Amino acid sequence: MPLASSTPSTPLLFIDLNNFAAYPTLAVAYLIRSLRLNNIPVKLLSPLSLGVPAFTRDHQENWKDQLFRRIYFSSSPVLRHLHDYLRNIHSRWQSRPHPLMLQEIHSAIAKKPPAILISAYLTQYAMCVEIAKAAQQAGIPVLLGGPFFNLEDVTKEWLKIEGITAIVGAEVDFTIADIVQTLLQKGDLGQYQGVYTPDSKAPQMAYPLKRLEQLPVPDFTDFPWDKYPHPIIPVMTGRGCSWGACTFCGDVISVNGRTFRSRGAQAVLDELKQQSKTYASKDFIFLDIKLNSDLQVWNALIDHFQDYVPGGRWIGTVHVNHQGENGLSEERLIAAYKSGLRRVSFGLETASQRLLDEMKKGTCIEECAHFIQSAHAAGISVRTSMMLGFPGETADDLSHTLSFLKQHFNALDRVRLSLFKPLPNTPFERMYRRNPEKYDKLKQFKWDYRLARGLYRYQENREKAYRKAKRELLDIVYAINRKALVDDAKQFNGMM
Ligand code: SF4
């Protein structure tokens, strides 16, 4: 039980370290609303409000992007050293504590907030160390939260940071006020599922949150709206993914991605109307990892978005699932465009059906082709994410992908290509543990729990045919990413 509540007179300091998006952080806005509904004052500090530029994706590429891509995907022994060197520089640059942010944090800590809440990604370890150190010197307790702190090995690693009072690896939208009260009164934080302290003896993992239809409307008032290139309101219709089986997927093992739960259509439509009025914008990004998970909600968006936000536009990510109805027929896509859908993203991963089945992607390549062309014909800009280097990938797999991209060049606006990234707690980890010999191309493999990922040196297929197909694949990705976008899609570029 939380201790009897008392209202702090000075606001808590909430530090949102997310600088990977040009719109407010939804998870933080939910927590801020919950705290305020419980009369706990809070002040938000976010990088963009201080002038720290956000990282953007999917811009119109130039030769430098292609050069970096070639180095990044190269496995030639010479380029590999350059690749490792550039990757180290890049990750150090990305994770370095930004001087502006540090300066502001130090002056905020000097004002003695009663507690500090940090929302962080796993690349922000160095910044969290700095904040925790300053807070400890000032005698201020610190709660740290983020999307992968439900993974025990990861949390153990982060609890080593001196000055962190507890780590939250749970969806605490309904309980954050109680947790903060307990923190302020130096009570037992271990009583809350998914809240871990350095001396937790038997930490209890949290169950996924239920009753999502009762979530409050997120509070974005503290975010720097004037600094975003375009005011876009984030929203989520549900958490998790109704498919949830892809062997590589990290989204469905994260704090709020585990198991699929829908908020229901009415709660979402009402929120759209309210948020559009509050923040004077008619543009929305749906952050669901699979927006067509609940077909009732998906169809309600298509059929009623314009009733709630006349003239509004929206973007989101779908899964072209092969089993059963997926809500992505030509008729639904035409209706979706009319309802304001301007950009859609989906995970193609590869165009090799053999590999898709290995990944348990649940898609059929002919249906993906049909989806791309139908969405494009309906006027919707199509973006896709793809992966190179999935274990067992052959020259033949790559040539399938290459011909697919050539065939659908006209209809694809952006392709995000990444290297296969092994993640702990995914089905891949279990498959690797059971049969490591099968993955002999992943050299020097080891888990890095601070970053929650597997590190390896990929010894790719050195066949001439493979290397040729890969080179051509990188070229066609570049050709697609150099395209100019239509105006409507431009507003939403770099958001997904
Ligand atoms: S469909 Fe997407 S979100 Fe769902 S499990 Fe697969 S990769 Fe993850």
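Reader: What makes β4, helix α6 and β5 a right-handed β-α-β unit?
Author: Keep in mind that this is a predicted model. Point the strands away from you: a crossover is right-handed if the path from the first strand over the helix to the second runs clockwise. The path from β4 over α6 (residues 152-158) to β5 is right-handed, so in that view it goes clockwise. β3, helix α5 (residues 125-138) and β4 make a right-handed unit as well.

Reader: How do you know that β4 and β5 pair?
Author: Pairing takes at least two bridges. β4 and β5 (residues 166-168) have 3 bridges, in the parallel sense, so they pair. In one of these spots, G145 has V168 of β5 as its bridge partner. On to β3 (residues 116-119): 4 bridges join β3 to β4, and these two run parallel. There, I118 has L144 of β4 as its partner.

Reader: Which residues of β4 point one way, and which the other way?
Author: In β4 (residues 142-145), V142 and L144 go one way, while L143 and G145 go the other.

Reader: Why is P216 called partly exposed?
Author: Count its neighbours: P216 has 15 C-beta neighbours inside 10 Å. Buried needs 20 or more and exposed needs 12 or fewer, so a count of 15 lands in between and P216 is partly exposed. P216 lies in the loop between β6 (195-196) and β7. Leaving out neighbours within four places in sequence, P216 is in contact with R33, S34 and L37.

Reader: Why is E349 called buried?
Author: E349 has 23 C-beta neighbours inside 10 Å, and 20 or more is enough, so E349 is buried. E349 sits in strand β12, and its phi is also positive, near 70 degrees.

Reader: What makes β7 and β14 edge strands?
Author: They belong to an open sheet of 6 strands, in the order β7-β10-β11-β12-β13-β14, with parallel pairing. β7 (233-235) and β14 (414-419) each pair on one side only, and that makes them the edges. Neighbouring strands here are turned by 20 degrees against each other on average, direction ignored. Helix α8 (residues 265-279) packs on this sheet, touching β7 and β10 (283-286), and its direction makes about 160 degrees with that of β7.

Reader: How many bridges join β12 to β13?
Author: 6 bridges join β12 (residues 341-349) to β13 (residues 381-388), and the two run parallel.

Reader: What surrounds the ligand?
Author: The surrounding residues include G347, along with C241, W243, K290 and H319. By type, the shell divides into 7 nonpolar, 3 polar and 2 charged residues.

Key
Residues numbered from 1 in each chain as written. Predicted model: local features only at pLDDT ≥ 70, side-chain atom pairs only at ≥ 80, totals over all residues. Axes fitted to C-alpha atoms, helices over the stretch in contact; angles between N-to-C directions. Contact = placed C-beta atoms within 7 Å. Near = placed C-beta within 6 Å. Nonpolar A, V, L, I, M, F, W, Y, C, P; charged D, E, K, R; others polar.
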